[in-house]
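Hi everyone, thanks for coming.

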Amino acid sequence: DIKTPKSQYPADFLLPQEGPNQTIFCIRSSPTSVNKIIRLDSMGSATPVAKTGLQLAPYFHLRGDEIVWDEFRKDARFGKQTYNVINVYNLTTKRVRTLTKNTRYYSPVLHPTRNEIAVVEVTKTGETKLRILNAKTGFILDSIPIPEHTHIQQPKFNASGDKIIAIAVSPRGTNLVEFDLPTKTHAIRLTWSNQQIERPMYYGNTILFKAHFDGIDNIYQVSNEGEITQITSAEFGAFNPSLAVGASILFNTYRYNGYKLAKQ
């Protein structure tokens with residue numbers, strides 16, 4: 001387990017991601033304050049980084065000195081007209097920049113090397129699109145075809161930035177879908193099922209993701225050959241994996257007083 005600040009009330013430390021000098025960034029969620037991204041040092045001391053505002057689900061992605069996340073908005077006059085905006089925070093300048101306005105983009109993820117961001121767009125008709133945006137202007141650079149009658153969620157680049165893994169949801173159930181960006185083709189990685197799959201990510205040539213094959217939420221790994229291996233054995237569930245140094249992963253575990261941090 002990783003040390004986190006103690007609090008009078010239950011508090012969640014969500015989506016841990018490793019930053020410079022092996023610090024850990026996560027979202028602190030508590031009934032006593034608005035959600036915020038914080039930085040934890042090796043002693044468990046927290047430094048506030050940025051408030052995330054209203055989100056449909058807690059989320060952010062860290063790459064180098066940049067953090068990206070989405071926020072929920074309502075039209076000032078027409079309350080049933082809703083949008084999402086994409087915010088980018090620079091750790092060096094400590095400034096937040098709103099990249100897109102009046103858009104319906106979700107789950108932004110930064111390209112590992114380029115000034116690009118992949119997002120899921122949900123149109124007003126309920127259609128899902130995978131877009132690649134310019135990380136400086138917010139303009140659409142590319143659009144990747146999605147399987148018919150399928151919604152995608154939570155995209156993530158591989159280390160070289162030429163593939164994206166995402167959750168696929170269709171009338172057949174849930175799955176993992178992998179997009180090859182240069183060829184704009186896709187491949188289904190699992191058998192269709194009713195698993196609640198969350199936060200897929202690459203680990204080398206394999207993919208880590210959260211599922212509940214044994215009835216408890218845990219982190220699993222699927223190889224290129226389709227072999228599935230259970231990685232964690234958390235008593236009350238493991239969630240939100242991310243890579244850390246030394247061939248290890250950070251993730252959330254569920255405790256009586258909220259979601260805490262662990263490393264394996």
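A search of the whole structure turns up eleven salt bridges, where a salt bridge is a side-chain nitrogen of Lys or Arg within 4 Å of a carboxyl oxygen of Asp or Glu. Before the examples, a word on the source: this is a predicted model, where local features need pLDDT of at least 70 and side-chain atom pairs count only at pLDDT 80 or more, while totals for chains, interfaces and linings use all residues. Residues are numbered from 1 along each chain as its sequence is written, and side-chain values use heavy atoms, with hydrogens and water left out.

Let's start with E121 and R131, whose side chains meet in a salt bridge at 2.7 Å, N to O. E121 sits in strand β10 (residues 116–122) and R131 in strand β11 (residues 128–134), so this pair ties together parts ten residues apart in sequence. Strands here are DSSP runs of E, at least two residues, numbered from the N terminus.

Is E121 buried or exposed? It counts as buried, at 15% relative accessibility; buried means under 20% relative accessible area, exposed over 50%, and partly exposed in between, using a 1.4 Å probe and protein chains only. R131 is buried too, with a relative accessible area of 15%.

Next, E127 pairs with K129, their closest N and O atoms being 3.4 Å apart. Here E127 is partly exposed at 42%, and K129 is partly exposed at 22%.

Finally, R63, E66 and K136 are linked in a network of salt bridges.

Technical notes:
Helices (H or I, at least four residues) and strands (E, at least two) are DSSP runs, numbered from the N terminus.
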